[in-house]
Amino acid sequence: MSPRPVLRRLALVSLPLLLALLTTIFLGLGFGVTGSGLRAIWEALLALDVSNVVQQTIVWRIRLPRVLLAAEVGATLSLGGLVFQALLRNPLAEPYILGISGGSAVGAISGILLGLPRFPGVSATAFAGSMATLALVLMLSSGRQILKKDTLLLAGVMVNAFCSAMILFLISLTQDSRLHNIIFWLMGDLSLSDMGQVQLLALLLAPCFILVFLLSHAMNLLLMGKETAMVLGVNIKAVTLTLLVATSFMISATVAQCGLLGFVGLVIPHLLRLMLGPDHRILVPACILGGATYMVGCDLLARIVPRHGELPVGVITAMIGAPLFIFLLRRSGK
Amino acid sequence: MTPAIVARDLRHAYGPETVLRGLSFDVKKGEFFIIIGPNGSGKTTLLKILAGIDRSFQGSVELLQRPLQSYTRRELARRLALVPQLAAEAFPFSVHEVLLMGRAPHMGLLGLETENDRRIAEQAMRFTGVSHLGHRTLDQLSGGERQRVFLARAVCQEPAVILLDEPTAALDLAHQIRVMDLMARLQHEKGVTILMVSHDINLAAMYADRLMLLKSGARVAIGPPQEIVTYQNIERTYGCRVLVGTNPLGGYPQITPVPGRFLQDASDPAPGGKLPDR
């Protein structure tokens, strides 16, 4: 049998993206506030200069978990955006659209106000918050006709609106240093991570990624319309519910780890769809690799651009992503 | 001849509104069967029930001697295809990709096609005359071209039964005939059972083996076009006057609707009243 065109395209798209990701990770390990440079990273990676303990520590204990976390978060948010855009057939859909952001923020802020430690305390309350909103949204939208996309969307928007009010209310009550923690969480923060958390997250994310990829052809069929998908043999109730729960779960897991990072989940799927077409069997791996690359790159810039301290990574993701997206959109319209 | 579809006492309601009231009919294997009726007569609901999309009905449907509910979605998709009403929304999948989607019920989870799937897709493209469009994307096609692509996708499923929901509604004259001719060829060359919902009585009378007139979810008449297309039946179904003549081609019955100004009697069903002065 001749090689299948889909598999060939998959390889053609995935290999360059994987290469880009590895390069970006490498750069991410090499550059930072202290001890920058490609030489330093080679030395650290190959353990050439064993005596340089400081450098080893910076690269392996500080930068590596942060870079890997950025990769995990970027991949998850991009994939989440892709799935929601397909499920809701709405170009404005993004990972937080079903209320995950609002729910987890209320959970996290409650945790911070209770004086819980960042991990596992605040992560746990944030995760509980987002899972609670998911349950609420599913309950609200599964009446007689299960999971109508517009009902789902509206339920999510309403839950988010209510949570925003709760967040402002909680913030207005807070005056001490905990306020700083809350703001940092809301802006998204990749800095507080160790390898244990990165590994735990990888364990939680991997099954979700695999599940979504296995359902990628069903997502293609879903794009042709609900009824067409049914008549082509897709059990849309099971597929929709599985995708919804798996995606919400993986997004909640990353949000619990590093707070809210906007925009990546909206723009990366659109960018890749403009470049690669609508086939989800290509787009799912592309979003995982491309989203990871993008987030690692943005985090790198956030660390090295300012002279002192660092920028919130969310600032960089939108500052680069929005103009890039508009450029591609205009070009594709011609 | 064995029946392809046996429907018995079908009832369906959306909330308090009854759409189908005890509808029974048979469709024979290899038959071209067209359902005609005014808007709101339950045609589309009936089609959704037969396609396994709407399962909240009462009564029984047998497809190829098996209860419809006993099929899994995948099993059903290998036996029955649906060509839906032309939708405005179109994602930029290529024609080739759309046709391979028709092979989905025969493929694995990831939809990786084999040589055989590709051969069937190419045959279907040639059959429906869309081979030259293979690499164009859906959003670049005209309505008529897109309709033919969806027909080709249905052919790719290799079904025993094809359901069509007003396939000619949005098409120009040439495309209407083309779509109907393709269905007639599928019927004669492959023995596929065609069940179509249509608004075009004249077109239906020329192609159908049998017609069913539907009104308010109940059957008005069923039989060959010559017996069904009478002015009494049409008036009972649609509540408007028509002249019934004979088509010079093949002697099929042909209707001509009668404009209001030709009607003399006061029982004219059209609404009265005066238009405001300008």
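Let's start at the contact: 33 residues from chain B and 27 residues from chain A take part, with contact meaning heavy atoms within 4.5 Å. A word on the basis. This is a predicted model, where local features need pLDDT of at least 70, side-chain atom pairs count only at pLDDT 80 or more, and totals for chains, interfaces and linings use all residues. Residues are numbered from 1 along each chain as its sequence is written, chains are lettered from A in the order in which they are written, and side-chain values use heavy atoms, with hydrogens and water left out.

Now the area. Chain B and chain A bury about 2700 Å² between them. Of that, 67% is on carbon and sulfur atoms. Buried area here is the accessible area (1.4 Å probe) that two parts lose on being put together, summed over both.

What about charges? The rule finds one salt bridge across the interface of chain B and chain A. A salt bridge is a side-chain nitrogen of Lys or Arg within 4 Å of a carboxyl oxygen of Asp or Glu. Which side chains form it? A:E227 and B:K48, at 3.1 Å, N to O.

Next, the side of chain B that touches chain A. The elements giving two or more residues to it are α2, β6 (80–83), α3 (95–101), α4 (115–128) and α5 (143–156) of chain B. Helices (H or I, at least four residues) and strands (E, at least two) are DSSP runs, numbered from the N terminus. By class, that side has 20 nonpolar, four polar and nine charged residues. Ala, Val, Leu, Ile, Met, Phe, Trp, Tyr, Cys and Pro count as nonpolar, Asp, Glu, Lys and Arg as charged, and the others, Gly among them, as polar.

On to the cavities. The structure holds two of 30 Å³ or more. A cavity is a set of points on a 1 Å grid over the protein atoms alone where a 1.4 Å probe fits but cannot get out; lining residues have an atom within 4 Å of a point. Volume is the space filled by probe spheres set on the points, which are joined across faces, edges and corners.

The largest cavity has about 40 Å³ of space. A:T228, A:V231, A:L232, B:L82, B:P84, B:R153 and B:Q157 line it.

The second largest cavity has about 30 Å³. Its lining is A:M230, A:V231, B:A51, B:R73, B:L76, B:A77 and B:L80. Which element gives the most? α2(B), with three residues. The classes are six nonpolar, no polar and one charged.

Technical notes: 1 Å grid on protein atoms, 1.4 Å probe; cavity = no way out; pocket = protein on both sides within 12 Å on 5 of 7 lines; lining within 4 Å.
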